[in-house]
Amino acid sequence: MARRKKIYEGKAKILYEGPEPGTIVQYFKDDATAFNAEKKATIEGKGVLNNRLSEFFMTGLTQIGVPNHFIKRLNMREQLVRAAEIIPLEVIVRNFAAGSLSKRLGIPEGEPLPRPIIEFCYKDDALGDPLVAEEHIIAFGWASQQDLDDIVSLALRVNDFMSGLMLGVGIKLVDFKIEIGRVWDNDYQRLLVADEISPDSCRLWDIETGQKLDKDVFRRDLGSLSDAYTEVARRLGVLPSNVTHTTKPTLIN
Ligand SMILES: Nc1ncnc2c1ncn2[C@@H]1O[C@H](COP(=O)(O)OP(=O)(O)OP(=O)(O)O)[C@@H](O)[C@H]1O
Ligand SMILES: [Mg+2]
């Protein structure tokens, strides 16, 4: 196969030019980073799990009519997506207090919030993705008021879908982050859910035990990240229950 043009290499994924205009191939790496890339590691199998899980969530969103960039999975580590102009915001939805919200406001981790709370961070690694207000977003032209209304509605629909799905397999969706992209259909612009939805971008706690099944396992050194992600995939039926990602081909003779 001809070498593809690399468009971008981020911390968790590589983007290549897709086979048709307006498409991109997302390659999921095994790299894990936290604290604005101060902590780094390679976790064998993470890319494969996130590729499958993001496919699973995006396909489910398509089924309930939530527009997103997913077109099809190409192989273990790659998926074809619709190219979008990414709005430079991390859109965070929180159902329970955790992480930076707990730190900022002194609310103990795990406390239920009165309703889902949406926060926006400006996507800029050099600045550490700072929290911004709608005022900043509109004044600096990152998104319009109409865009923001659409983003909030998309984020809440993703939250409803993901919360329900997780609840069904005994997992609490504490919070998550999505990115939103802009695409053009003729003269009309539309917003869609882009990037990825995976245990890298969610906080997932087992309902019974409170065990963390997301990237906090890596951030806080709580054990094997790939075991945690495999557990999420297994419960959702994304991986057959008798197969783990670490299974290597064995020679049969
Ligand atoms: N459909 C899409 N079209 C164009 N770009 C996309 C799309 N989906 C995701 N992206 C972008 O692809 C990149 C994915 O790479 P990765 O997640 O590794 O980035 P990152 O290291 O988190 O850095 P950053 O998100 O700050 O660029 C991100 O920049 C993301 O915004
Ligand atoms: Mg990213």
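**View 1. The largest nonpolar core has 52 residues.** Val 91, Leu 173, Ile 178, Ile 180, Val 193, Leu 204 and Val 232 have the most contacts inside this core. This is a predicted model: local features need pLDDT of at least 70, side-chain atom pairs count only at pLDDT 80 or more, and totals for chains, interfaces and linings use all residues. Residues are numbered from 1 along each chain as its sequence is written, chains are lettered from A and ligands numbered from 1 in the order in which they are written. A nonpolar core joins buried Ala, Val, Leu, Ile, Met, Phe, Trp, Tyr and Cys residues through C-beta atoms within 7 Å. Buried means 20 or more other C-beta atoms within 10 Å of a residue's own, placed from the backbone. Elements that each supply at least two core residues include helix 1, helix 4 (145-167) and strand 9 (89-96). Domain 1 (6-82) and domain 2 (85-224) each give at least three; the bounds come from an automatic or database domain assignment.

**View 2. Helix 6 spans residues 225-235.** Helices (H or I, at least four residues) and strands (E, at least two) are DSSP runs, numbered from the N terminus. Among the helix's buried residues are Leu 225, Tyr 229 and Val 232. Val 232 touches Leu 53, Ile 171, Pro 199, Leu 204 and Leu 213, not counting residues up to four places away in sequence. Contact means C-beta atoms, placed from the backbone, within 7 Å. Just after the helix, Gly 237 takes a positive phi of about 75 degrees.

**View 3. Ligand 1 lies between domain 1 and domain 2, because both give residues to its shell.** Of the 19 residues around ligand 1, Gly 10, Lys 11, Ala 12, Lys 13 and Ala 194 come nearest. Near means a C-beta atom, placed from the backbone, within 6 Å. Strand 2 (13-17), strand 7 (78-82) and strand 12 (171-185) each supply at least two shell residues.

Key: A residue is buried if 20 or more other C-beta atoms lie within 10 Å of its own, exposed if 12 or fewer, and partly exposed in between; C-beta atoms are placed from the backbone. Two residues are in contact if their C-beta atoms, placed from the backbone, lie within 7 Å.
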